[in-house]
Every structure is written in C-alpha cells, then in structure tokens.
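Please read it alongside the sequence and coordinates shown here.

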Amino acid sequence: MKRVAVLGGGGVAGIAWETGVAAGLARGGVDFAAADGFIGTSAGASLGAQLAAGLKLEDLLAAQLDPPPGSKEALRPYSQAAADAANRKLMDKVGGDLAEARRRIGAFALRSKTAPFAERRAIVADRLPGAHWPQRWLGVVAVNTESGEHRLFDADSGADFIDAIAASSAVPGAWPAVAIGGCLYMDGGIRSLTNADLAEGARHVVVLAPLGWGDGNPVSGHLRDEAARLRASGCRVDVIVPDASSLEALGDNVLDPTRRAPSAAAGLTQGLALACTLAAWNTGSLFTTTGDKP
C-alpha cells in the first residue's frame with residue numbers, strides 16, 4: 001500500500017479528537033480518509049473501521065459533537081498520567097524487559113474486575129458500521145495477555161470483526177480481555193500507543209496520536225522510534241499530536257464520554273489549522289485532494 005493512515009489509542013475522547021482532526025483536514029482539502037489502508041490501535045481501531053467502511057466524516061463528526069440519545073458509551077475510572085507512572089515503575093521492576101512488562105500487564109488484565117464482555121461488546125458494536133470486515137484494508141492491533149506478543153487482525157485473520165475491535169480496545173483494568181482463537185487479548189496500546197511501525201513498506205504514513213508521543217510511558221510510548229524507522233526506510237511520515245487546546249479538551253480520563261464533544265471540537269479546529277498550513281506550504285501531500293494520486 002502506498003498510503004496508510006495510522007490511528008492511535010486514546011479512549012472515547014481519542015476517537016472524538018481523531019474524528020475532529022480528520023474532519024478538519026477534509027474541510028481544508030486534505031483527504032485523510034482516502035488512505036489505501038488503516039492501522040488502528042484501541043480508539044483508532046473504531047475510527048479506522050468507520051473510515052474503511054466509507055462512513056462520511058461529517059456524519060461521524062456530528063455524532064461526536066452531539067452524541068445521540070441512548071448512546072451505549074460508559075464512563076470508566078482512568079488516569080493516563082497514573083497509567084504512565086505505573087508503567088515507569090513496572091519497567092524498573094522488570095529491568096527494562098518489555099516482554100515481561102507486557103506479560104505482567106496481561107496478568108493484571110485477567111485478574112481485574114470489569115464489566116461483562118457482553119456489555120462491552122455491545123458498546124463496541126454500537127460504534128461500528130456493521131458486523132463484517134470492510135472491503136478496504138483495515139488492520140487492528142491487540143496483545144496476547146499470556147505471551148505479551150501482539151497480533152495484527154484483519155479480514156484474512158479469521159477473527160470476528162467486532163471481537164477484534166473490542167480486543168484492540170480492551171484497556172487492562174477497565175474493560176475485559178477478549179477471547180479470539182483460544183487466546184485472550186488486551187488493548188493493542190500495550191505494545192504501542194500507535195503501532196506505526198506496522199505500516200512498514202508504505203510510501204506515505206500519516207499518524208494521528210491522541211496520547212501524543214508517549215515519551216513518559218516506556219511500555220507503550222514508542223512513536224518517535226517508529227517514525228524514525230519508517231523515515232529511514234524511505235517512507236514519508238506525518239505525525240499529528242494534540243495541541244494545547246486539544247490536550248485540555250481530552251483531559252486525563254480519556255475513557256470519560258463527556259469529553260467527546262469538546263475533544264471533537266478541539267480536533268476540528270486543529271485539523272483545519274493544519275490543513276491550511278499544509279496548503280500554504282504546498283507540500284504535495286499524497287493525502288491532499290489536489291495533490292498527486294497513487
């Protein structure tokens with residue numbers, strides 16, 4: 001694939017922010033949704049599924065700015081700052097062994113009391129355009145709770161579509177692990193908040209990262225290295241992280257549904273500003289509606 005959109009993790013607030021940014025870019029002439037394929041992690045798995053299925057960004061934005069009555073989204077206690085701090089302590093305990101750190105997080109996920117899986121699956125299904133994998137390529141990342149190894153689920157993986165999205169967004173301690181093929185999987189953000197390196201081989205990668213570069217999270221914050229490796233391979237990489245207004249809108253608990261509207265609005269403003277900048281710089285982006293097409 002020549003153009004890959006990478007959508008990172010960030011809870012319900014992150015879905016809203018990514019939707020706002022993508023809609024702002026589109027209004028400014030940067031057709032983010034025209035990617036040849038999508039790699040989604042956690043929050044990004046849901047938006048990636050929506051875009052791969054061809055849902056209209058303006059419709060998705062409207063649903064974030066004014067959530068419909070009866071939305072199944074549910075508040076979960078969470079603090080990104082606390083999660084980052086816990087991961088720093090964990091890495092000290094395991095002597096920097098990432099595989100062991102992920103296995104320990106997997107054990108924590110399995111012993112945590114969460115909502116029943118049926119309830120969680122209904123929440124995820126309510127976000128999606130249907131029960132089947134979209135025709136355009138979509139890969140979503142999840143992590144095996146026992147081995148700590150990741151898996152990229154797509155239409156050829158044999159995994160149920162809804163289960164794969166639920167697995168990718170199964171935040172340890174907040175949502176239940178998901179059984180797929182005899183294994184239990186947790187949030188793909190345990191490997192990386194973005195998993196941008198899995199786009200290796202693409203000509204142009206655009207990354208939306210609601211949780212930023214993740215420098216304070218040694219377990220999951222690998223975006224700088226991922227971008228560097230992609231660029232070293234000859235790939236063009238554009239990374240979009242929240243600006244100050246977006247960070248304020250997202251807040252510390254990205255699993256709080258009340259953050260959806262402000263996060264979407266802030267993302268829209270940021271996306272519009274970025275689109276104008278890209279147009280002013282005449283970057284020739286592969287994602288611009290007036291630029292070169294693959």
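The model is predicted, so local features need pLDDT of at least 70 and side-chain atom pairs count only at pLDDT 80 or more, while totals for chains, interfaces and linings use all residues. Residues are numbered from 1 along each chain as its sequence is written, and side-chain values use heavy atoms, with hydrogens and water left out.

**Cavity**

- One cavity of 30 Å³ or more is present in the structure; a cavity is a set of points, on a 1 Å grid over the protein atoms alone, where a 1.4 Å probe fits but cannot get out.
- The largest cavity holds about 100 Å³ of space, a volume being the space filled by probe spheres set on the points, which are joined across faces, edges and corners.
- Its lining (residues with an atom within 4 Å of a point) consists of G11, V12, S42, A43, E73, A74, R120, R127, S169, V171, W175 and L255.
- Helices α1 (11–27) and α6 (117–127) each contribute at least two residues to the lining of the largest cavity; helices are DSSP runs (H or I, at least four residues) numbered from the N terminus.
- Six nonpolar, three polar and three charged residues make up that lining, where Ala, Val, Leu, Ile, Met, Phe, Trp, Tyr, Cys and Pro count as nonpolar, Asp, Glu, Lys and Arg as charged, and the others, Gly among them, as polar.

**Pocket**

- The volume of the largest pocket is about 700 Å³; a pocket is an open set of points with protein on both sides within 12 Å along at least five of seven lines.
- Its lining has 32 residues, and Y78, A83, V171, P172 and I190 lie nearest the centre.
- α4 and α5 are the elements that give two or more residues to the lining of the largest pocket, and α4 gives the largest share, eight residues.
- The pocket lining comprises 16 nonpolar, 10 polar and six charged residues.

**α4 and α5**

- Helix α4 (residues 80–93) packs on helix α5 (residues 98–111) at an angle of about 125 degrees, with the axes 9 Å apart; axes are lines fitted to C-alpha atoms over the stretch in contact, and angles run from 0 to 180 degrees between N-to-C directions.
- That angle makes α4 oblique to α5, since angles under 35 degrees count as roughly parallel, over 145 as roughly antiparallel, 65 to 115 as roughly perpendicular and the rest as oblique.
- The contact (heavy atoms within 4.5 Å) involves N87, L90, M91 and K93 of α4 and L98, A101, R104 and I105 of α5.
- Five nonpolar, one polar and two charged residues form the contact of α4 with α5.

**α2 and α7**

- Helix α2 (residues 43–52) and helix α7 (residues 161–168) pack at about 145 degrees, with axes 7 Å apart.
- A45, S46 and A49 of α2 meet F161, I165 and S168 of α7.
- The contact of α2 with α7 has four nonpolar, two polar and no charged residues.

**α6 and α7**

- The axes of α6 and α7 cross at roughly 100 degrees and come within 9 Å, which makes α6 roughly perpendicular to α7.
- F117, R121, V124 and A125 of α6 contact I162, D163, I165 and A166 of α7.
- By class, the contact of α6 with α7 has six nonpolar, no polar and two charged residues.
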